[in-house]
Every structure is written in C-alpha cells, then in structure tokens.
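Biologist: I would like to learn how to read a model like this one, feature by feature. Could you take me through it?

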Amino acid sequence: MASIEEIGKNYQKFDPKIYLQNNYVPPRADFSSKESVVVWKLDCLVAACAQGDIGGRTLVDIGSGPTIYQILSAFELFDEVIISDYLEVNRNEIKSWLQDESGAFDWSPYFKHVCSLEGKGELWQDKQKRLREKVSRVIPVDIHKPQPLGEEVTDGSVDGLVTSFCLEACSPDKEAFECSLKNISQLLKPGGHLLQIGALEESYYTAGEAQLNVVPLKEIDVRTALCNAGYEIRDFQVYSMPASMNIGVDDVSGIFFAWAQKLQPK
C-alpha cells in the first residue's frame with residue numbers, strides 16, 4: 001500500500017493533456033450517446049443545481065485536475081469561484097483555458113450541452129465568458145492537511161464545494177479517503193452544499209507515464225463517509241460503466257454522484 005507521500009510523488013508524472021484525451025473526448029465524452037459517462041455526469045450536476053437550494057457567495061472546486069466541466073452549472077449560483085489542484089501542471093492547464101490561450105483544451109461542446117440541458121436559450125459563449133470572469137483564483141490544495149487550502153480559505157467560509165475524482169484517487173485507503181472528506185468539509189459553512197463525483201471499484205488509472213492507485217470504493221463506503229463527515233445526502237446516483245466506455249486506461253466499474261448538505265452542529 002502506497003503512503004500519502006508516495007502517492008504525491010507518483011502524481012509528479014501526471015500528464016494533464018493525456019488525461020483529458022483519455023476521459024474528455026469520445027467515446028467517454030460523446031454528446032450524441034446516452035451511454036456516455038460525461039453526459040451522465042452533466043445531467044446529474046444540472047439537475048441538482050436546478051433545484052434552487054444551492055448557492056451563496058463562494059464556491060470552491062477541490063482537486064479540479066485539468067477540468068472545468070464539474071462547475072458549469074454550479075458556478076452560476078455563486079458570486080465567486082475558486083479552483084484548486086495539488087499539481088502545478090493542472091493549475092497551469094486551467095489558467096491556460098481561463099486566458100483563452102492557443103492549445104488549451106476545447107470545452108465548447110460541454111458549454112453547448114449544458115446550455116441545452118438548462119434550457120434558457122442562451123449562447124454558450126456568454127456562459128463561457130461568465131465563468132472566466134467569476135474564477136477569482138487558481139490555487140494549490142492538499143486534501144490530507146487539516147487546512148487543505150492553507151491560509152487562502154478559512155474554515156467555515158465557503159458556501160459550496162465541488163470535488164470530482166479527487167479524494168479516492170489521492171488516498172492510500174478508505175480511512176484516508178474519509179479523513180480527506182472531513183478536511184475539505186471544514187471549509188464549508190453549516191447548511192452549505194457539496195457536489196461530489198467519484199469512481200466506484202476502481203484500483204488504478206493512467207495519465208501518460210503515471211499509473212495512479214485509487215481506493216476501490218463501494219456505494220456504501222461513500223454514503224458512510226458523507227454521514228460521518230456531517231452531511232445529509234440529498235441525492236445519490238450510480239452509473240455502471242458499459243463496455244463501450246472501457247478503453248483500457250483504468251479499471252473503473254462505475255461512477256457515483258452525490259449531492260449532500262452539511263448539517264448544523266448539534
């Protein structure tokens with residue numbers, strides 16, 4: 001079993017561009033297919049954000065990686081968005097997109113799809129512009145520290161959290177996964193909301209030369225961790241990975257989506 005330090009060292013081999021090509025273009029991101037895992041994830045996020053309960057001043061995306069799809073609906077409900085990742089290469093990939101630099105990943109199909117789902121009849125370019133304007137910072141995070149964002153963001157100051165394929169992919173075991181969830185949850189105000197996406201029964205994934213270990217989780221493990229971290233689960237969905245989505249870059253069998261609300265202290 002790898003230690004937290006060994007996991008961090010292995011991530012130095014992580015290649016964001018290969019990771020994006022593995023997971024965020026067809027077949028996994030085929031907007032014409034109802035089987036597409038990306039379509040399923042966006043459906044879940046749009047539906048949760050449409051309920052009218054999520055919102056506030058500050059949204060933090062924990063362990064964003066090189067991706068932004070996970071905040072395409074939630075960002076609209078907050079005044080400020082903070083993006084965070086452990087790796088400088090991922091933070092630079094995000095900054096490249098924010099600055100509309102040549103060579104940045106093309107997220108336009110995602111904006112188009114989310115605009116269609118939200119049904120407001122707006123131009124995807126307008127939504128893209130608003131997101132770029134709302135992101136105030138792209139900062140380092142370490143989910144294994146009691147203050148994951150250091151002095152940048154204090155405990156109990158955040159109205160919403162998003163985290164996608166981070167906690168289970170950066171923890172050596174279930175105990176560390178649960179501890180990391182508690183660490184990031186300290187940032188959230190009581191009554192604040194968490195949107196979490198993650199892998200089920202996955203032991204590894206690849207991103208270029210890096211082969212990263214993942215804690216194999218079952219649905220009950222995630223539900224238990226959320227309850228132990230002081231949440232009420234508002235919605236929980238599971239996607240089973242069909243054969244068409246298995247492309248040899250991981251051994252994931254399913255994906256979970258959780259919408260949870262932090263309970264008031266007793």
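Modeller: Gladly. Keep in mind that this is a predicted model. We begin with one side chain. D250 lies in the loop between β8 (231-240) and β9 (254-262).

Biologist: Is D250 buried or exposed?

Modeller: Compare the relative accessible area with the cut-off; buried means under 20%. D250 has 13% relative accessibility, so it counts as buried.

Biologist: Which side chain does D250 join in a polar contact?

Modeller: For a polar contact, look for N or O atoms within 3.5 Å. The side chains of D250 and R28 are joined by such a contact, at 2.8 Å. The D250 side chain also reaches a backbone atom, the nitrogen of V252, at 3.4 Å.

Biologist: Which residues does D250 touch, leaving out those up to four places away in sequence?

Modeller: They are N23, R28, E202, Y204 and Y205.

Biologist: Now helix packing. At what angle do α3 and α5 pack?

Modeller: Read the angle together with the axis separation. Helix α3 (residues 37-49) packs on helix α5 (residues 108-118) at about 45°, and their axes are 10 Å apart. Roughly parallel needs an angle under 35 degrees, and roughly perpendicular needs 65 to 115. So α3 is oblique to α5. Their crossing is right-handed.

Biologist: Which residues make that contact?

Modeller: From α3 come V38, V39, L42, D43 and V46; from α5 come Y110, H113, V114, L117 and E118. By class, seven of the contact residues are nonpolar, one is polar and two are charged.

Biologist: How do α5 and α6 pack, and at what angle?

Modeller: Helix α6 (residues 124-134) meets α5 at about 110°, with the axes 9 Å apart. The two helices are therefore roughly perpendicular to each other. On the α5 side, the contact uses S108, F111, K112, V114, C115 and E118; on the α6 side, W124, K127, Q128 and L131. This contact has five nonpolar, two polar and three charged residues.

Biologist: Which residues of α4 are buried?

Modeller: In helix α4 (residues 88-98), they are N90, R91, E93, I94, S96, W97 and L98. Their cover includes α2, β2 (78-84), α5, α6 and β3 (135-139). Just after α4, D100 has a positive phi of about 55°.

Biologist: Which other residues have a positive phi without being glycine?

Modeller: Check the backbone torsions in the loops. F165 has phi near 55°, and F165 sits in the loop between β4 (158-164) and α7 (174-185). E201 has phi near 50°. The loop holding E201 runs between β5 (188-200) and β6 (204-207). E201 is partly exposed, with a relative accessible area of 39%.

Biologist: Last, peptide bonds. Where is there a cis peptide bond?

Modeller: Look at omega. P26 and P27 are joined by a cis peptide bond, with omega about 10°. P27 belongs to the loop between α2 (16-23) and α3.

Key. Residues are numbered from 1 along each chain as its sequence is written. This is a predicted model: local features need pLDDT of at least 70, side-chain atom pairs count only at pLDDT 80 or more; totals for chains, interfaces and linings use all residues. Side-chain values use heavy atoms; hydrogens and water are left out. Helices (H or I, at least four residues) and strands (E, at least two) are DSSP runs, numbered from the N terminus. Buried means under 20% relative accessible area, exposed over 50%, partly exposed in between (1.4 Å probe, protein chains only). A polar contact is a pair of N or O atoms within 3.5 Å; within protein, one must be able to donate a hydrogen and the other to accept it, and residues adjacent in sequence count only if both atoms are side-chain atoms. Contact means heavy atoms within 4.5 Å. Axes are lines fitted to C-alpha atoms, for helices over the stretch in contact, and angles run from 0 to 180 degrees between N-to-C directions. Angles under 35 degrees count as roughly parallel, over 145 as roughly antiparallel, 65 to 115 as roughly perpendicular and the rest as oblique. A crossing is left-handed if the near helix is turned anticlockwise from the far one by less than a right angle, and right-handed if clockwise. Ala, Val, Leu, Ile, Met, Phe, Trp, Tyr, Cys and Pro count as nonpolar, Asp, Glu, Lys and Arg as charged, and the others, Gly among them, as polar.
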